[in-house]
Amino acid sequence: METGIVQGRAEPASDRRAGMDLHTIETVVRPKKRSELPNWADGDACLGGGTWLFSQPQVGTRRLVDLAALEWTPHAIDAHGLTLAATCTIAQLDRLELPSGWNAAPLVGQCCRALLGSFKIWNVATVGGNICLALPAGPMIALATALDATCTIWSRDGAERTVSILDFVLAPQRNALAPGEILRSLSMPAAALARRTAFRRVSLSPNGRSGALLIGTRGADGAFALTVTASVKRPLRLAFEGLPGRAELVRALDDAVPEALYHDDVHGRPDWRRHMTRHFAEEIRGSLDAAPSPGAAS
């Protein structure tokens, strides 16, 4: 398990049973402020919603650090854009009403629904947990990448640093957190939220994990960007000054995604993922080539 991972969360740990008990746990720490975060030790894990943490044995875990006790405000909207606390749940994000001028607003609901689960899961799973787990199919990773998100990272000693989402998610179940660091929040600029978007997703079964999830964005200046997730081991974002032609887009994809970068697991073979990535890229290109309409999103 990746040290420092924020797992999703909403209620106190004592009130949750997300699938199984963790019999190796000796201590649960509930810090009320940053200075109360414990010194990190082997066997520690940060607890959010626990939708992954409680889904399978964690034989090396001895202590849980319950981040919900910090009681962060789930989200904030201002002139600069949207800020999401790492502990903001999927349900809280889905219910959020965004300003009418933010054309990308429908993308939020599309990405929330890509996290397939019951209302119980939605009410405990968090944005930060989905991102820190760093699974290729993580829809919050796709949302954050498409909207140019910046991650704010906290340390117990008061130190703080920021990294882009592309530098935060490194590989399946590997992120940029050092031991003892936690993901505090994600910031998405208003300029990114004002862009038109196009969303495409596929899985091998109706309720399966995403095998490819692509998002296109286009600004008022004509700039085009393509976010590629789920089909690849880490998120990618291809940027163009204008809308590329079909051949240019395919060349850019081939240059950015070598064969070894396509993900391979029970949710899809690399050759199928590559095919769907190219197919969706062209569909998105065509969708954003059309003249914009008020509040348009595909």
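**Close-up views of the predicted model**

**View A. His263 sits in the loop between α8 (246-256) and α9 (270-289).** The model shown here and in the other views is predicted. His263 has a relative accessibility of 12% and therefore counts as buried, the cut-off for that class being under 20%. Apart from neighbours within four places in sequence, the residues in contact with His263 include Pro136 and Pro172. Also in contact with His263 are Ala230, Ser231, Val232 and Lys233. Gly268, Arg269, Pro270 and Arg273 complete the list of His263 contacts.

**View B. The largest pocket has a volume of about 510 Å³.** It is lined by 24 residues, of which Leu115, Leu116, Asn130, Leu135 and Arg209 are the closest to its centre. Sorted by class, the lining of this pocket comprises 11 nonpolar, 11 polar and two charged residues.

**View C. Helix α4 (residues 127-133) gives the most to the lining of the largest pocket.** The contribution of helix α4 is three residues. In terms of domains, at least three lining residues come from domain 2 (70-191), and at least three from domain 3 (195-289).

**View D. The domain assignment divides the protein into domain 1 (27-68), domain 2 (70-191) and domain 3 (195-289).** Between the C-alpha centres of domain 1 and domain 3 the distance is 35 Å.

Key
Residues are numbered from 1 along each chain as its sequence is written. This is a predicted model: local features need pLDDT of at least 70, side-chain atom pairs count only at pLDDT 80 or more; totals for chains, interfaces and linings use all residues. Side-chain values use heavy atoms; hydrogens and water are left out. On a 1 Å grid over the protein atoms alone, a cavity is a set of points where a 1.4 Å probe fits but cannot get out, and a pocket is an open set with protein on both sides within 12 Å along at least five of seven lines; lining residues have an atom within 4 Å of a point. Grid points are joined across faces, edges and corners, and a volume is the space filled by probe spheres set on the points. Helices (H or I, at least four residues) and strands (E, at least two) are DSSP runs, numbered from the N terminus. Ala, Val, Leu, Ile, Met, Phe, Trp, Tyr, Cys and Pro count as nonpolar, Asp, Glu, Lys and Arg as charged, and the others, Gly among them, as polar. Domain bounds come from an automatic or database domain assignment. Buried means under 20% relative accessible area, exposed over 50%, partly exposed in between (1.4 Å probe, protein chains only). Contact means heavy atoms within 4.5 Å.
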